[in-house]
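Here are my notes on this model, as numbered points. Please read them alongside the coordinates.

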Amino acid sequence: MKRFILLLFISVFSISSFAQSNIKTETFKVEGNCGMCKKRIEESAYIKGVKRAEWNKESQILTVIYRSSRTTLEDIAQSIAKAGHSSEKAESSEKDYNRLPTCCQYKTQSCDH
Amino acid sequence: MLSAPLYAQDTTAKNLDEVIIRQRQKSTTINMIDPIKKEKIGERELLKAACCNLSESFETTPSVDVAFTDAVSGYKQIQMLGLAGPYTSITRENIPDARGLSAVTGLTFTPGTWIEGMQLSKGTGSVVNGYEGVAGQINVEWRKPFDEKEERWHLNAYQSSQGRSEANLVHNNRLNDRLSTNIFLHGRSQWLKLDQNNDGFLDQPLDKQFIAANRWFWFGPNRWEIQGGIKTVYVENTGGQWAYEKGSEQKAGAPWGFELNMQRHEGWAKLGKIFKNPAKSIGLQLSGIYHHQDARFGNRAYEATQKSFYANLIYQTFISNTNHILKLGASTLADDYDERWTGTAYTRTEVVPGAFAEYAYNAQKLNIVAGLRGDYHNIFGAFVTPRLHLRYAPAERSVFRVSAGRAQRTANIFAENMGYMASNRTLHIQTKETGKAYGLDPEVAWNYGINFTQKFQLDYRDGAFSVDYYYTDFKNQIVTDLEDPHQVSFYNLQGSSFANSFQAQLDYEVIHNLDLRVAYRWYDVRTEFQTGLKEKPLIAAHRAFANLGYETKNHWKFDYTVQWIGSKRIPSVHAHHNVGITGETRSPDFVQMNAQISKSWNDKFEVYLGGENLTNYMMHDPIIGAADPYAAGFDASMIWGPVMGINIYAGFRWKIF
């Protein structure tokens, strides 16, 4: 009985730690223009497997927590690029960039706040 | 701090094309830093429900309960900490708003579209804002014309299946860097006659309502700020039995009618200056109100006029550094009441000048706000109002708050109890005194509260858990005694009257963009009536609440609210004419559901469709003695549940430029 409980404990622990080691926290730079784009960048980062995405408008750094068995950093960057925001990992196409509202077009506009 | 009348404004040139959309945050946030626990209800929260006016803006907020005052007038009253609406201080940007004659009806004078957000706090508040509120404070912020986030035009139209149409318009105009103005317009009409419970009475009175306001803001050189505004309200209600025609004679044999006409005109101004040291400032708030109402309940008439003037001067400074803030000031509150109920006149003038001081200590983990007020009331004499708020944060995400304070107010027994006029109960004031306020004493209460809030993150998503407990102890209260079915007796409290209130609430983002809120409340409100210490009638001891809100990537929003309301004590009533007086009963517990779906495009245009009271749960025979409204047993005020059935509504909100 004792050995069974020990085995159970070890297997539960190892399953949970295996699941835990799956979760990664990474950061990369995403181009964007002030507060208005924050929501768009963060929402486009929430693809399947992503737990949390936070973009800092001052440093332009996106912190993303995701399950590495479900998705990759490249997939996340692609999704953000599709929304019109280029990053060091993926370039946004002309078409997608032009769909951004005027003030969010970071290549030509600057942010006053 | 909440009480500063000034707005810090950044006057650098802005690119007006840009609109800042706030990051996704909880629609209602609990402030972790302020020693006074404030729930901030933002626009997102207000949009979850039909929210046509302030009395309907609390559908998704468990801290405030809303209930009909009676089955005839259509007015709703709020309840906080188990105490009726008039015990809560309702302010508009810190200027007293719905009080006096408009303590109950005043909530309908602020349309939802005009509101930018609200701050809700429980217990006695800061001495800077006065001495009256004991249950809490609801501070409403209107849209500001100088706010870059504001579009130039806000248009809203609403239509419900129960026959209510509404239109709102807000126009913001920034004339230049310094001067801005906005205009608010509201029109509403309840044009459909409905009697869903078949008692011969209209469920809601027919009504026409028009409200308009205009305000100006000027940010001058040397950090001067001046603000001024006016507001006007016109309301006309006609209800009662189906066959009743406006203005017809009321007597036995003719249909019983209800009429209410109100006119209200307000003007206000705020002046402020921030000194070279931004922690030093001075502000003056001024407000003048004229309110007149005319009501008829069958063959009984209630007519009242209130003239009110308020001035509040606040000087803010610090002692050695900004960890020690000191506020000093003086205020005057003057009210002139002229009321007439079934021919008897009641008039009084109250003038209350006072001075206050408030010290706020800020350290990293501990904040203390201690305030003291001294006021001199021309009728009741001098009184002192101490207030204390403590905040202790043992960890970054855990906060304990404690509050204690005294509150005093003059009960406006007629205006606050208009619901009981919809009956044949005699309104009887038990007093041997004359003068004072109806020959009665002022209400005095002490409130003590403790709150604990814990923010957490579970599976990388945010949540918050909050528990609070408040105890209100009345040293004097104007007891509204309903124990005798043929009377409403008003008398000074002899004995004890108290309210215990407990609330536990959990907020959590279950999955991304799906917010859950669950809450449970427990109330123990008892008063020593002349017949003994009893539960206050029509207050449920247990209430539970759950709300789910979901938002999709393409801007569809779904909101669902379900409430369980426990049993309430109903005092003895004079039932059907041949049964006679029945003993005390308890109402059944029931479940109420609301839901709303909305879709928005570009954050500019939104269409919404919703339903209220989805289970179609209605009180059977809410009006006692409805068959014979001129007989002794007629009583439309014993309302413990929904008076109307299911209501479907639709509308749109359009933000232009």
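**Notes on the two chains**

1. Strand 2 (50-56) of chain A and strand 3 (residues 61-67) of chain A run antiparallel and are joined by six bridges. Strands, at least two residues of E, and helices, at least four residues of H or I, are DSSP runs numbered from the N terminus. Two strands pair if DSSP finds at least two bridges between them. Across this pairing, A:Arg52 faces A:Ile65 of strand 3 of chain A.

2. A word on provenance. This is a predicted model, in which local features need pLDDT of at least 70 and side-chain atom pairs count only at pLDDT 80 or more, while totals for chains, interfaces and linings use all residues. Residues are numbered from 1 along each chain as its sequence is written, chains are lettered from A and ligands numbered from 1 in the order in which they are written.

3. Which order do the strands of the open sheet in chain A take? The order is 1-3-2, with three strands and antiparallel pairing. Strand 1 (23-29) and strand 2 (50-56) of chain A are the edges, each pairing on one side only. On average, neighbouring strands of this sheet are turned by 15° against each other, direction ignored. Axes here are lines fitted to C-alpha atoms, for helices over the stretch in contact, and angles run from 0 to 180 degrees between N-to-C directions.

4. Helix 3 (residues 73-82) of chain A packs on that sheet. The helix touches strand 1, strand 2 and strand 3 of chain A, and its direction makes about 45° with that of strand 1. Contact means that the C-beta atoms of two residues, placed from the backbone, lie within 7 Å.

5. Helix 1 (residues 2-22) of chain A is lowest, at a mean of 68, and strand 3 of chain A is highest, at 92. Where pLDDT is low, the predicted coordinates should not be read in detail.

6. Chain B has 37 strands and one helix. Its radius of gyration, taken over C-alpha atoms, is 24 Å, close to the 26 Å that the globule rule gives for 657 residues, so chain B is as compact as a globular protein of that length. The rule is 2.2 Å times the number of residues to the power 0.38. Along the principal axes, the C-alpha atoms fill a box of roughly 75 × 60 × 45 Å. Of the contacts in chain B with a separation of 6 or more, 64% join residues 24 or more positions apart.

7. Of the 657 residues in chain B, 46% are buried. Buried means 20 or more other C-beta atoms within 10 Å of the residue's own, exposed means 12 or fewer, and partly exposed is in between; C-beta atoms are placed from the backbone. In strand 2 (residues 38-41) of chain B, B:Lys38 and B:Lys40 point one way and B:Glu39 and B:Ile41 the other, and all are buried. This strand pairs with strand 8 (residues 115-122) of chain B over four bridges, antiparallel. There, B:Ile41 has B:Met118 as its bridge partner.

8. Two non-glycine residues deserve a look. B:Glu93 has a positive phi of about 45° and sits in the loop between strand 6 (88-92) and strand 7 (95-96) of chain B. B:Ser320 has a positive phi of about 60°, in the loop between strand 17 (300-319) and strand 18 (321-341) of chain B. B:Glu93 is partly exposed, with 19 other C-beta atoms within 10 Å. B:Ser320 is exposed, with 6 C-beta neighbours inside 10 Å.

How values were computed. pLDDT is the predictor's confidence in each residue, from 0 to 100.
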